[in-house]
Amino acid sequence: MTNSKTTITLAGRRRFWFIFTLLTGTWTMSISQSSLSTVYPTFMRDFGISASTVQWLTTGFMLTMVVMMPISPWLLNNIGFKKLFLTVLVLFDIGSIIIYFAPSFAVMMVGRLIKAAAVGVLFPSYQSILLTITPEAKRGSTMGVAGLVMGSALASGPIISGVVLKFTDWHGLFLVFITVATILIVLSFVTIQDVMVSKPSKLDGLSIVMLLGFAGILYVVNEIGKPNVNWIFGWVLLIVSVLAVAYFTYRQFHLETPLLELRVLKTFNYDLAIFLTAISYIALIVVTIVFPLYYQGILKVSPFISGLSLVPGAVFLSILNPLTGKLAEKIGYKQIMLIGMSMIVVGWLILALVTAKLNLVTMILIAALIEGGNAFVMMPAVTLGANSLPNQLISHGTAVITTVRQILGSAGVAIATLILSNVTASQLKAGVPTLTANLHGYHAVFLTMLGVEIVGVILALLLRDERQKN
């Protein structure tokens, strides 16, 4: 009842400025996540740290995010969205200020983790809010616009950091984040309002402790394939983490008011939507990480050209997102996701069938095909999942989807990287020339990804057509 009320209230200019502020905040935080890797060499030089140490800016960020995501529904229900959004922006701003003035890498890491906590809360929350304030019949279009914003962040992150670093040092990048976040804090007092009914409940501390199991699993997954890993510690941590997640799951089903309502998993289309969005995300993130390695290692292009080569696919993804949202409303989510998964499979199939070296233009076109397919799957899957749930469970549904997507996406990258390095190493050991050995490694990754994405097609075929309901 209240949800429909908020949809009617947020109309015209009020709705526009609400969504504009929300998505600009999300876009800025997404940029801060994706643009930092280009600055790693500078951090290593300025702070005198190794590549493995600077990588903690990414690893620590992911671990914090994955713990904060499941807490977002409780925060939405207990704090109110306006207060929560302002808190997230303030934390993001404080984190950026700490990094800007950081005298050491340890202090910088503190700022980075504060920002990660803010992003971990906002990423599921912004989707929940957009889905809540939008009538079901128009959710595809709204989430398509959200996909456009997030896709453009993926495309523009490396470009923005590259431009800023051309005119200033790394401090300039964080000055941009501080400026934008501060403007958004002021703007939010006017444009953001509470759009969800407050449902106060007791915070279950034990559930939060058990959430650390997700971080433990993700940490072990990210250690796969790295040299000199202490696997005794790794296996112990993995076992403890899996037990913690298992107890967390058990506890949520037995609490009267769970921290995260896992009963959403009893909805068939929602379960399929979780895996479809994760599988499409694996394809997307493997393209953004493995393809640049191919460009530099096989095609011998510079890191700058390698980075620019990712832009066409990301732009194509951004342009398609709003179109696929509207199309889903017209022809149905199942049909849209079948188209998307087919595009992704065709892209990996071409790579799996062609064992010879491919030129840069061909690789860019294949990347665009795979990323374009992602536009037909990821946001439509989130929307379909939400449409399968009652409104009061949407925040829990998006939290589960984003958490699973983050973990499976990271696992996908870790496995792809492991396959690439191991197959290449075994080929070199067998006396195969370096180029051929590298091509064998990439071919093994492409075959693996083809198998994963075929599973996605099968899951899309199993979806129940939502147009048949009622």
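Start by selecting Asn387, which is buried, with a relative accessible area of 7% (buried means under 20% relative accessible area, exposed over 50%, partly exposed in between, using a 1.4 Å probe and protein chains only). Before you go on, know that this is a predicted model, where local features need pLDDT of at least 70 and side-chain atom pairs count only at pLDDT 80 or more, while totals for chains, interfaces and linings use all residues. Residues are numbered from 1 along each chain as its sequence is written, and side-chain values use heavy atoms, with hydrogens and water left out.

Now show side chains. Which side chain makes a polar contact with the side chain of Asn387? Pick Arg139: the two side chains make that contact at 2.8 Å. (A polar contact is a pair of N or O atoms within 3.5 Å; within protein, one must be able to donate a hydrogen and the other to accept it, and residues adjacent in sequence count only if both atoms are side-chain atoms.)

Asn387 sits in helix 18, so-called from DSSP runs numbered from the N terminus (helices are H or I, at least four residues; strands are E, at least two). Select residues 378-387 for helix 18 and 333-353 for helix 16: their axes come within 10 Å and cross at roughly 155 degrees. That makes helix 16 roughly antiparallel to helix 18. (Axes are lines fitted to C-alpha atoms, for helices over the stretch in contact, and angles run from 0 to 180 degrees between N-to-C directions; under 35 degrees counts as roughly parallel, over 145 as roughly antiparallel, 65 to 115 as roughly perpendicular and the rest as oblique.)

Zoom in on where they touch. Tyr333, Ile336 and Met337 in helix 16 meet Pro380, Ala381, Thr383, Leu384 and Asn387 in helix 18 (contact means heavy atoms within 4.5 Å).

Next, select residues 72-79, helix 6. Six of its eight residues are buried: Ser72, Pro73, Trp74, Leu75, Leu76 and Asn77. What covers them? Show helix 5 (56-68), helix 7 (81-101), helix 8 (105-132) and helix 19 (394-429), which are among the cover.

Jump to Ser32 in helix 2 (residues 12-34). Ser32 counts as buried, at 1% relative accessibility. Leaving aside neighbours within four places in sequence, Ser32 is in contact with Phe92, Arg112, Lys115 and Phe177.

Last stop: Val452, in helix 20 (residues 434-462). Val452 counts as partly exposed, at 27% relative accessibility.
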